[in-house]
Amino acid sequence: VNPEDARKMRETGLHLMRRMLAVLQIFAVSQFGCATGQIPRTLWQKDQASKDYSPLIKKLELSVERVRQLAMKHQQVGHVITSSDLQDIPLGGRDELTLAVRKELTIALRDLMAHGLYASSQGMSLVLAPIACLIPAFTSSPQTMHPWELFVKYYNTKNGQAFVESPARKLSQSFALPVTGGMAITPKQSLLTAIHTVLTEHDPFKRSADSELKALVCMALNEQRLVSWVNLICKSGALVQSHYQPWSYMANTGFESALNVLSRLSNLKFNLPVDLAVRQLKNIKDAF
């Protein structure tokens with residue numbers, strides 16, 4: 001055939017394939033309940049549905065109680081940990097409260113938020129969506145995801161950078177003026193600002209996701225907003241549906257019992273250092 005006929009044949013073939021896939025997708029949706037952009041629950045390994053999260057809850061409770069006892073002890077003697085207190089302390093000799101928050105509380109919160117958390121593959125979902133219900137279950141597990149990435153995704157979906165770097169907000173920061181006309185700053189606004197601060201301070205030094213999550217938790221305790229910030233992530237339906245397995249603690253309970261546990265710290269005052277992971281690097285950079 002000549003090139004023109006070959007081109008027409010290719011176009012006809014592609015058109016027929018598109019129509020076939022469209023019909024197959026309609027059939028799958030009507031018969032199996034699949035939808036575009038979603039992977040059926042049966043595609044995940046069935047043995048993962050039996051994962052028990054009660055040890056993670058217990059771990060969080062123990063870490064919260066330890067931090068609460070240490071915080072009350074510091075407040076009883078009239079001493080609140082500040083960044084200046086740690087300037088002359090060797091890196092291996094940080095105070096007990098800071099270590100408990102960073103190495104126990106944050107890790108326990110991270111592990112519970114990571115239960116059933118996975119990184120969704122947009123490419124895979126788009127390709128498999130029309131016939132996903134007809135495919136046997138995958139043998140490999142979906143890729144895991146760090147809870148800090150959830151906060152970053154929340155920051156990006158809410159246009160956090162545009163909010164923090166708006167002219168009005170920059171002006172208010174320069175002259176210490178209220179940006180909302182005397183109205184209280186909402187938890188959402190404070191969370192976006194906190195995530196931006198952590199990213200700005202830690203990303204240039206290539207700090208790990210653990211380090212950035214520790215900084216955010218310290219900042220949340222300082223502002224008495226740990227429960228409200230975590231709750232914003234829990235109530236973000238798009239994030240939960242896209243990144244949590246149906247058997248996960250987050251999807252099953254909405255994180256309610258964990259939020260109740262964390263609320264035990266809400267009435268305590270903290271002044272924890274936020275930049276421990278980058279302080280030494282910043283000092284080296286400033287020296288040069």
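Helices are DSSP runs of H or I with at least four residues, numbered from the N terminus. The exercises below concern a predicted model.

**Exercise 1.** Determine how arginine 7 and glutamate 4 are placed relative to each other in helix H1, and how accessible each residue is.

*Solution.* 
1. Both residues belong to helix H1, which spans residues 3-32.
2. Arginine 7 and glutamate 4 are three residues apart, so about one helical turn separates them.
3. The pair forms a salt bridge, with 2.5 Å between the closest N and O atoms.

**Exercise 2.** Identify which parts of the chain the salt bridge between lysine 59 and aspartate 111 ties together.

*Solution.* 
1. The closest N and O atoms of lysine 59 and aspartate 111 are 2.6 Å apart, and the two residues form a salt bridge.
2. Lysine 59 lies in helix H2 (residues 54-76) and aspartate 111 in helix H3 (residues 96-113), so the contact ties together parts that are 52 residues apart in sequence.
3. Aspartate 111 also forms a salt bridge with arginine 110, at 2.9 Å between the closest N and O atoms.
4. Arginine 110 is buried at 19% relative accessible area, whereas lysine 59 is partly exposed at 34%.
5. Through shared partners, salt bridges join Lys59, Arg110, Asp111 and Asp210 into one network.

**Exercise 3.** State how many disulfides and how many salt bridges the structure holds.

*Solution.* 
1. The number of disulfides is zero.
2. The number of salt bridges is nine.

Definitions and conventions:
Residues numbered from 1 in each chain as written. Predicted model: local features only at pLDDT ≥ 70, side-chain atom pairs only at ≥ 80, totals over all residues. Heavy atoms only, no water. Disulfide = S-S within 2.5 Å. Salt bridge = Lys/Arg side-chain N within 4 Å of Asp/Glu carboxyl O. Helix = DSSP H or I, 4+ residues; strand = E, 2+ residues; numbered from the N terminus. Buried < 20%, exposed > 50% of the residue type's maximum accessible area, 1.4 Å probe, protein only.
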